[in-house]
Amino acid sequence: MTAPPLVQPGSFLTLHYRLSGPQGDIINTFDGPAATLTLGNTELSDAIETRLMGLAEGDHVTLALAPGEAFGPRNPDMLQWVPRALLDKFGEAGASYAIGEVVEFPAPDGQGRYAGAVQQVADDAVLFDFNHPLAGQAVSLEVKVIGVL
């Protein structure tokens, strides 16, 4: 009998996972289709990928990551006021914004998107938090490895 394959750099994985922070689940695939991803493609944070290394096909574990370990510390420089003129240019002109709402923006290089959560709303600008929602927080990661290639 051969040993099940182990997760290693570059592995292609099929897995169920639940990522939770202090306010509860952020992502949970246990109630639906399994996720498929390739390690090293920035689909998961480096810290999470490191914790998956060495797991075997069939393993079901829950891992605790210390505050800031999974998505780094909160960075106050990631709180930025965005002028309404810019929001009108890249979004819906005259749109209203609610505290806690997540808004997507085109990346400056045009190659992708990023998101910010509304923190404050003023007449001429909106304050966004561009930190990852779990930055600086403890994270629980439950993983069931279904397949490793």
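Strand 4 (residues 60–65) and strand 9 pair in the antiparallel sense over six bridges, where helices (H or I, at least four residues) and strands (E, at least two) are DSSP runs numbered from the N terminus, and two strands pair if DSSP finds at least two bridges between them. This is a predicted model, in which local features need pLDDT of at least 70, side-chain atom pairs count only at pLDDT 80 or more, and totals for chains, interfaces and linings use all residues. Residues are numbered from 1 along each chain as its sequence is written, and side-chain values use heavy atoms, with hydrogens and water left out.

- Strand 9 itself spans residues 139–148 and is mostly covered, since seven of its ten residues are buried, where buried means under 20% relative accessible area, exposed means over 50% and partly exposed lies in between (1.4 Å probe, protein chains only).

**The chain as a whole**

- The protein chain has two helices and nine strands, and read along the sequence they follow the pattern β-β-β-α-β-β-α-β-β-β-β.
- The radius of gyration of the protein chain is 19 Å, whereas a compact globule of 149 residues would have a value near 15 Å; the radius is taken over C-alpha atoms, and the globule rule is 2.2 Å times the number of residues to the power 0.38.
- Taken along the principal axes, the box filled by the C-alpha atoms of the protein chain is roughly 70 × 30 × 30 Å.
- Of the 149 residues, 36% count as buried.
- Among contacts between residues at least 6 apart in sequence, 61% join residues at least 24 apart, a contact being heavy atoms within 4.5 Å.

**The enclosed cavity**

- A search of the whole structure finds one cavity of 30 Å³ or more. On a 1 Å grid over the protein atoms alone, a cavity is a set of points where a 1.4 Å probe fits but cannot get out, while a pocket is an open set with protein on both sides within 12 Å along at least five of seven lines, and lining residues have an atom within 4 Å of a point.
- The largest cavity has a volume of about 40 Å³, a volume being the space filled by probe spheres set on the grid points, which are joined across faces, edges and corners.
- The lining of the largest cavity is made up of L15, Y17, L37, L44, I48, L52, L141 and V143, and strand 1, helix 1 (46–52) and strand 9 each supply at least two of its residues.
- By class, this lining has eight nonpolar, no polar and no charged residues, where Ala, Val, Leu, Ile, Met, Phe, Trp, Tyr, Cys and Pro count as nonpolar, Asp, Glu, Lys and Arg as charged, and the others, Gly among them, as polar.

- The largest pocket has a volume of about 340 Å³, and of the 15 residues that line it, A115, D129, N131, H132 and P133 are the closest to its centre.
- Strand 7 (residues 113–121) gives the most to the lining of the largest pocket, with seven residues, and the lining divides into seven nonpolar, five polar and three charged residues.
- The second largest pocket has a volume of about 210 Å³, and of its 14 lining residues the closest to its centre are E43, L44, S45, F71 and H132.
- The elements that give two or more residues to the lining of the second largest pocket are strand 1 and strand 2 (24–28), and this lining divides into ten nonpolar, three polar and one charged.

**Individual residues**

- V103 is placed in strand 6 (residues 102–106) and counts as buried, because its relative accessibility is 13%; leaving aside residues up to four places away in sequence, V103 touches Y97, Y114, A115, G116, V118 and F128.
- T42 is found in the loop between strand 3 (35–38) and helix 1, and T42 counts as exposed because its relative accessibility is 73%.
- The phi of T42 is near 60 degrees, a positive value in a residue other than glycine. Most residues other than glycine have a negative phi.
- A85 lies in helix 2 (residues 84–90) and, with 59% relative accessibility, counts as exposed.
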